[in-house]
Amino acid sequence: MARVNHFEIPVDDAARASKFFSEVFGWQISQWGDQPYWMAVTGDDPNAGINGALIQRTDPPQPVVNTIEVANIDDTIVNIRAAGGVIVMDKMPIPTVGHMIYFLDTEGNTHGAIQLDESVQ
């Protein structure tokens, strides 16, 4: 069974948003390399929950995105389309992480799907 393993929160000001989430919830926020992407650690690993990130907003109505870890991204693309979903960002490599897509479900909600693979360059 696939499950949500990551979230992304669009932000206009990463420093302001990092301060907010750190102060309110105790999240540990750190920039991922030189990318406009800030990883959010939301708790200790033994506890239930997921980690995520703050991302630079690129569109005013940009939604919060939950990413679902899948065993095979290519099969997932086929299954999304067969079930009436729409791929809105084609399969892309994320070096040392895996391959990812964004898609719309039948209700118009945006989601991510990722196949983890540390060998991806």
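**Figure 1. Glu-8 and its bridge partner in β4, Ala-53.** The two belong to the pairing of strand β1 (residues 3-11) with strand β4 (residues 52-56), which is parallel and extends over five bridges. Strands are DSSP runs of E of at least two residues, helices are runs of H or I of at least four, and both are numbered from the N terminus; two strands pair where DSSP finds at least two bridges between them. The model is predicted: local features need pLDDT of at least 70 and side-chain atom pairs pLDDT 80 or more, while totals for chains, interfaces and linings use all residues. Residues are numbered from 1 along each chain as its sequence is written, and side-chain values use heavy atoms, without hydrogens or water.

**Figure 2. The open sheet of eight strands.** The strands follow the order β2-β3-β4-β1-β5-β8-β7-β6, and their pairing is mixed. At the edges stand β2 (28-31) and β6 (86-94); each has a single partner strand, so one side of each is left without a neighbour in the sheet. From one strand to the next, the twist averages 25° (axes are lines fitted to C-alpha atoms, for helices over the stretch in contact, and angles run from 0 to 180 degrees between N-to-C directions).

**Figure 3. Two helices, α1 and α2, against the strands.** Helix α1 lies across β1, β2, β3 (37-41) and β4, and its direction is at about 155° to β4. Helix α2 (residues 73-82) also packs on the sheet, where it touches β6, β7 (98-104) and β8 (110-116) (contact: heavy atoms within 4.5 Å). The direction of α2 makes about 175° with that of β6.

**Figure 4. The buried and exposed faces of α1.** Ala-14, Ala-17, Ser-18 and Phe-21 are the buried residues shown in this helix (buried: under 20% relative accessible area; exposed: over 50%; partly exposed: in between; 1.4 Å probe, protein chains only). These residues cover an arc of only 100° around the axis, which places them on the same side of α1 (the arc is that of the directions from the helix axis to the C-beta atoms). The cover over the buried residues of α1 includes β1, β2, β3 and β4. The face turned away from the buried side carries Ala-15, Arg-16, Lys-19 and Glu-23, which are exposed.

**Figure 5. The aromatic cluster that includes Phe-21.** Six aromatic pairs are found in a search of the whole structure (rings of Phe, Tyr and Trp, the last by its six-membered ring, pair with centres within 6.5 Å; planes under 30 degrees apart are stacked, over 60 edge-to-face, the rest tilted). The rings of Phe-21 and Phe-25 have centres 6.2 Å apart and planes at 25°, so this pair is stacked. Phe-21 and Phe-25 stand four residues apart in α1 (residues 14-25) and are thus separated by about one helical turn. Phe-21 is buried, with a relative accessible area of 14%. Phe-21 also forms a stacked pair with Trp-27, at 4.8 Å from centre to centre and 5° between the planes. Trp-27 is likewise buried, at 15% relative accessible area. Ring pairs link Phe-7, Phe-20, Phe-21, Phe-25 and Trp-27 into a cluster.

Figure 6. Thr-67 counts as buried, at 1% relative accessibility. Apart from residues up to four places away in sequence, Thr-67 touches Arg-3, Val-4, Asn-5, His-6, Met-100, Gly-112, Ala-113 and Ile-114. One of these, Gly-112, is the bridge partner of Thr-67 in β8. β5 and β8 run parallel and are joined by three bridges.

**Figure 7. The hairpin of β7 and β8.** These two strands run antiparallel, joined by seven bridges. His-99 has Gln-115 as its bridge partner in β8. Five residues lie between the two strands, and Gly-108 in the turn has a positive phi of about 90°.

**Figure 8. Val-64 and Thr-96, two loop residues.** Val-64 lies in the loop between β4 and β5. Val-64 and Pro-10 are 54 residues apart in sequence, yet 6.4 Å apart in space from C-alpha to C-alpha. Neighbours within four places in sequence left aside, Val-64 is in contact with Glu-8, Ile-9, Pro-10 and Thr-110. Thr-96 is found in the loop between β6 and β7. Thr-96 is partly exposed, with a relative accessible area of 47%. The phi of Thr-96 is near 65°, a positive value in a residue other than glycine.
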